[in-house]
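Biologist: I would like to go through this model with the criteria stated. Please set each value against its definition.

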Amino acid sequence: MTHYLRNCWYMAAWADEVAESGLARTLLEQPIFLFRNGEGIVKALFDRCPHRFAPLSMGHVTDGVVTCRYHGLAFDASGTCVHNPHGPISRALATRSFPVVEAHRAIWIWMGDPEKADAAQIRDLAFLGSAPDTAFNKGYVLGGGNYQLFVDNILDLSHTDYLHPDTLGGGSITRTRAHVEQRDDGIIAIQWDSYDDVPPPLVRQKMPAGVERADSWTHVEWSAPGIMKLVNGAVPTGSPREGAGNSINVHIMTPETATTTHYFFASTRDYALDDAEMNAAIGRIRAQIFSTEDEPMIAAQQARMGDQGFWDLKPALLRIDEGAVAVRRRLDAMIAAEQGEME
Amino acid sequence: MTHYLRNCWYMAAWADEVAESGLARTLLEQPIFLFRNGEGIVKALFDRCPHRFAPLSMGHVTDGVVTCRYHGLAFDASGTCVHNPHGPISRALATRSFPVVEAHRAIWIWMGDPEKADAAQIRDLAFLGSAPDTAFNKGYVLGGGNYQLFVDNILDLSHTDYLHPDTLGGGSITRTRAHVEQRDDGIIAIQWDSYDDVPPPLVRQKMPAGVERADSWTHVEWSAPGIMKLVNGAVPTGSPREGAGNSINVHIMTPETATTTHYFFASTRDYALDDAEMNAAIGRIRAQIFSTEDEPMIAAQQARMGDQGFWDLKPALLRIDEGAVAVRRRLDAMIAAEQGEME
Amino acid sequence: MTHYLRNCWYMAAWADEVAESGLARTLLEQPIFLFRNGEGIVKALFDRCPHRFAPLSMGHVTDGVVTCRYHGLAFDASGTCVHNPHGPISRALATRSFPVVEAHRAIWIWMGDPEKADAAQIRDLAFLGSAPDTAFNKGYVLGGGNYQLFVDNILDLSHTDYLHPDTLGGGSITRTRAHVEQRDDGIIAIQWDSYDDVPPPLVRQKMPAGVERADSWTHVEWSAPGIMKLVNGAVPTGSPREGAGNSINVHIMTPETATTTHYFFASTRDYALDDAEMNAAIGRIRAQIFSTEDEPMIAAQQARMGDQGFWDLKPALLRIDEGAVAVRRRLDAMIAAEQGEME
């Protein structure tokens, strides 16, 4: 059985994926029904009627009450049965509810002990919420591999030089030693600062004509369970970084099952905030790259791994894996500590 | 491993599904070949050649002899090899035959001890056989859930008020307490008798213009393993029931595998026997409802249950489940008794 | 777990299936990458990067060096890492290579102890290599059954009389007792020599007009693991065999998984060597028969057998199985001996 970190906030969906009528999604191998109450507040229930196990998501939502389509039992957002057309309401007539919070254009769910859920612990991604629509684009891919493989992919960006050579990769990440820092606040930061190197094709397009070499920076900040902020930018070699313009991105991985992942990604920036056309182009190219280059590679990795664990297969790890290994060890320790508490 | 009741008659097919050339169908997880001999009598063999395990159903049938397409071995309807083009016929050259009977427009198979097979034990559904073609319609759905879920669905017709509100459900079943009776003859009867209530949309169509309320009756009679007769009718409130017209239906469930079900259904009536157009309309609407509303709901139930047993999941049962629970307990007891005998 | 004979040559592909850029194929449940070096010599690597388990076949091949598309590690044909853009090359940075030989228009791979690989042990099928293009046709089917079922199919050609009655079967094989000979060189030979019998439809077409009966010969020679040469021909009854013309065929089975088989087949002949049109027609009819008649039957056999072993199911074997049983026992003994050595 796969062990997941339970007492943490997972991204469950983009906020606009959840209408009042709801969204059914499997998270950490559990069927979850996300919906909105009469005030538009997002709620989450275990997506299975306690009576005969029909999916509540096949029913309908009215003023925050979910009515099962099979026998008409109705549940409020706490999972308590509020209407049984067939008799009294026993205590067994309840389904589990999950703490859920809408923030930063996303829905966050707490799959562990609800007493411990504290919205203040949600990763601060306020830059997503405050970004104007003309400088915000996002996407979603259901990925065919374990979520830790998708996390690894962002923590070792040297892959861009080989998997995305025509767009995101130019060799400079490979030529730059990553600086890995484990911070006290739970962030593991991985930074590539490159000087006077060839920029990737998509970066070169944004440089002044004739500029062939650049100073660039790519800073990833991971926090548990699989939430990554990625800031990058570049200037012609030797130019000042101030005011250069940063691309500010997130890559967020939530397990669907042991071998499938909800991969949420988004991008904003601190320049050209009203350029809707550029914004759409950035969104398109990112969705294309992640879905046609990253996802197939990671799904193929998973297929080659079969049902064996990552460490059991004895990977021949390299210096470029330093960040990913630090994150895997941190997460493993957090899960082990949590399992210890639960025993 | 799933335990099935063995010593009983299961419906294997509608009679007109089985031509002389035969029908291959998996029943209780066993591959069965149903075919007809030279006199048109239906026969059943285990659908696997004893030589090299080719399906006999890939071969051909001539005068009740089935010839394997792979190496030409021929078997009569008792499963005895009657022709081996390659040498003598040993005792090992035999496949299992199953007692099989055609009755009531259907084919019935006995999957248990053949010595105990007694055609007199086949449920009396003579009203199907005697119905004129203009007052008989039938259908078949391969359902994606355990057969007991499909049986439960008929034994608790309150579901019609929520799953079929535009056709079969109007709320009156929910408002009527079912009367459950366990009879000495093995029948468990569940009866809803409703007075002065709102009839379902399809019933209202048949009422005189302006009639808004009705007295109605819905009587289900289950017998093992999953054979249900359902009689229902309605009259304007206070009118005499005599001569009112009954719809007389069957719902018959046979396990294909632990999580799939052969769902056979048919309908006849005791009025308007020569109205072929009405008959066709009834057949169409029933097939549509069962395949697009019931089957998807039960398949979703099964998906939410995964490979866990119904009782293991601790369903929060209601008063409406009284009939279904009585049937599940009866069937469980019959299976347990049979298993005890076999040990 | 399925045990396979390891120390032997398996056919991995037709030579023209492997371009310099390579072919990914699963053999004996292992992912293999076949490719060519700068001189066109075929090489084979375990198709999984030791770093993070990406398929090497998703990368690119240059001068016999395979570069992983995920992080740019490069491996030579021995599986040794020859380029690590990210740091030093440790001993762990290696993938397994397999001895591989191109011969007789095919690629042969050795999945066992590489020290024991001896190209001289490859079955001599020089007649395939020397056949002119106008007298050589071949094909490939990915078959849905265990490879031994596909081998059995060729070793008992009586099946042609029932499975292919309109083309290859006429009854004469059934009427002829096979002569089985276990030779010292590892060949098991099965010979059907038929006199004055009705030839199969495709053979009759080649007879002089009016000839209804023929003398014919069909000689199969099996060697481990599943390589069969099949020579057959026919003359009008009583005519001399000399100069009659032989069809010379191979049927070669390589396990993909326990229940799927790479089925390679080819045909040449010792007459009408420059008749390209006849050659194409022979290729077409053979591919059609094997893919639409043999493969579906064997896949159906496998489905009926499920995950049970052939002997566990207690097949009721016949005289026609003598050759196939001899081969199964021989192969089982070879595998058992090899397993014994390895313990």
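Modeller: Start with the domains: chain A is assigned domain 1 (9-121) and domain 2 (126-342), with bounds that come from an automatic or database domain assignment. This is a predicted model, in which local features need pLDDT of at least 70, side-chain atom pairs count only at pLDDT 80 or more, and totals for chains, interfaces and linings use all residues. Residues are numbered from 1 along each chain as its sequence is written, while chains are lettered from A and ligands numbered from 1 in the order in which they are written.

Biologist: How far apart are the C-alpha centres of domain 1 and domain 2 of chain A, and how many residues of each are in contact?

Modeller: The C-alpha centres of the two domains of chain A lie 32 Å apart. Two residues are in contact if their C-beta atoms, placed from the backbone, lie within 7 Å. By that criterion, 10 residues of domain 1 of chain A are in contact with 12 residues of domain 2 of chain A.

Biologist: Which elements give two or more residues to the domain 1 side in chain A?

Modeller: Strand S1 (9-14) and strand S2 (23-27) of chain A do; helices (H or I, at least four residues) and strands (E, at least two) are DSSP runs, numbered from the N terminus. S1(A) gives the most to that side, with 4 residues.

Biologist: What makes a residue on that side of domain 1 of chain A count as nonpolar, polar or charged?

Modeller: Ala, Val, Leu, Ile, Met, Phe, Trp, Tyr, Cys and Pro count as nonpolar, Asp, Glu, Lys and Arg as charged, and the others, Gly among them, as polar. The side of domain 1 of chain A that touches domain 2 divides into 6 nonpolar, 2 polar and 2 charged residues.

Biologist: What makes helix H2 (residues 147-155) of chain C mostly covered?

Modeller: A residue is buried if 20 or more other C-beta atoms lie within 10 Å of its own, exposed if 12 or fewer, and partly exposed in between, with C-beta atoms placed from the backbone. In H2(C), 9 of its 9 residues are buried, so the helix is mostly covered. Among them are Gln148(C), Asp152(C) and Asn153(C).

Biologist: Which residues touch the most other members of the largest nonpolar core?

Modeller: Of its 245 residues, Ile109(A), Ile109(B) and Ile109(C) do. Such a core is a set of buried Ala, Val, Leu, Ile, Met, Phe, Trp, Tyr and Cys residues joined through C-beta atoms within 7 Å. Not counting residues up to four places away in sequence, Ile109(A) touches several residues, including Trp9(A), Leu27(A), Phe98(A) and Val100(A).

Biologist: Why is the relation of chain B to chain A that of a three-fold axis?

Modeller: A rotation of 120 degrees with 0.0 Å of shift along its axis superposes chain B on chain A, at an RMSD of 0.0 Å. That is the relation of a three-fold axis. Copies are superposed by least squares on the C-alpha atoms of residues with pLDDT of at least 70 in both. In chain B, the C-alpha nearest the axis is that of Asp307(B), 11 Å from it.

Biologist: How many residues of chain B and chain A are in contact?

Modeller: Here 17 residues of chain B are in contact with 20 residues of chain A. On the chain B side, helix H3 (160-163) and helix H5 (276-305) give two or more residues, and H5(B) has the largest share, 5 residues.
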